[in-house]
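Trainee: I have a model open and want to learn how to read its features. Can we go through it together?

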Amino acid sequence: VPSRIFAGSAWDGVFESQDGGANWQQLNNDQSLAGIYTLAFDPLVPMTVYAGGWGRIYKSIDGGKIWRGVGGAMIYDRINAIAIDPIIPTTLYAGIGEYIFLSTDGGQEWGFYTPEFGADIRVLAVDPLTPTTVYAGTSGSGIFKLVQGAGWNAVNVGLDNLNVYALVVDPSAPAVVYAGTAGGVYRSINGGESW
């Protein structure tokens, strides 16, 4: 439903609007959800929602009415990004501090997936046609790209600002990637090889 919008709040948890943002209601009364920094929706089952807080990921299977913590306590740091594999949505990535964590069971268990990047992970994006290709935007080290079999590599050629806060992969042409940085918006037409 296009008029239904969710928002995470660093102070008050998760809010929902059913009228395009004209009115909002808080979805949680549990103070453990007070600091929410990212939200992600299962692309196949949109009533399943993940929320990233401080060192903890929460999951709702009823569109945000009831939340429960999954995966136990993680690194005591802010979870800035959650990305979901669009083909196998039980595979999740979470950007926590300078690390990326991986879950292959819908968030029940998590493990380290990357070495330390040297800067906080701010955003994650998964290639919609080849979900083993993942992009990570950082606060100061630019963009890293994971290609199956090749590991993580920096892809910053032409990127003048390395503080990256948004990444979008074009769903119909995944070689086209957009990056929102502290210095403006950049576009790559070759999967991040140049911007």
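Mentor: We will take salt bridges, then a lysine, then a pocket. This is a predicted model: local features need pLDDT of at least 70, side-chain atom pairs count only at pLDDT 80 or more, and totals for chains, interfaces and linings use all residues. Residues are numbered from 1 along each chain as its sequence is written, and side-chain values use heavy atoms, with hydrogens and water left out.

Trainee: How many salt bridges does the structure hold?

Mentor: Side chains of opposite charge can pair when their charged atoms come close. The cut-off is a side-chain nitrogen of Lys or Arg within 4 Å of a carboxyl oxygen of Asp or Glu. The structure holds two. In one, Glu-16 meets Arg-4 at 2.4 Å, N to O. Glu-16 sits in strand E2 (residues 13-17) and Arg-4 in the segment before strand E1 (5-9), so the pair ties together parts twelve residues apart in sequence. Strands here are DSSP runs of at least two residues, numbered from the N terminus.

Trainee: Is Glu-16 buried or exposed?

Mentor: Buried means under 20% relative accessible area, exposed over 50%, and partly exposed in between (1.4 Å probe, protein chains only). Glu-16 is buried, at 5%. Arg-4 is partly exposed, at 30%.

Trainee: What about the salt bridge of Arg-122?

Mentor: The side chain of Arg-122 pairs with that of Asp-120 at 3.9 Å, N to O. Arg-122 is partly exposed, with 22% relative accessibility. Asp-120 is partly exposed too, at 23%.

Trainee: Which side chain of opposite charge is nearest to Lys-59?

Mentor: For charge, Lys and Arg count as positive, Asp and Glu as negative; His and the chain ends are not counted. The nearest to Lys-59 is Asp-42, 7.0 Å away. Lys-59 is buried and has no salt bridge. Its place is in strand E6 (residues 57-60).

Trainee: Which side chain makes a polar contact with the side chain of Lys-59?

Mentor: A polar contact is a pair of N or O atoms within 3.5 Å; within protein, one must be able to donate a hydrogen and the other to accept it, and residues adjacent in sequence count only if both atoms are side-chain atoms. Tyr-50 is the partner, at 3.4 Å. The backbone oxygen of Gly-106 also lies 3.2 Å from a polar atom of the Lys-59 side chain.

Trainee: Which residues lie nearest the centre of the largest pocket?

Mentor: Rolling a probe the size of a water molecule over the atoms shows where empty space is left. A pocket is an open set of points on a 1 Å grid over the protein atoms alone, where a 1.4 Å probe fits, with protein on both sides within 12 Å along at least five of seven lines; lining residues have an atom within 4 Å of a point. The largest pocket has 21 lining residues, with Phe-41, Ile-82, Ala-83, Ile-84 and Leu-124 nearest its centre.

Notes:
Helix = DSSP H or I, 4+ residues; strand = E, 2+ residues; numbered from the N terminus.
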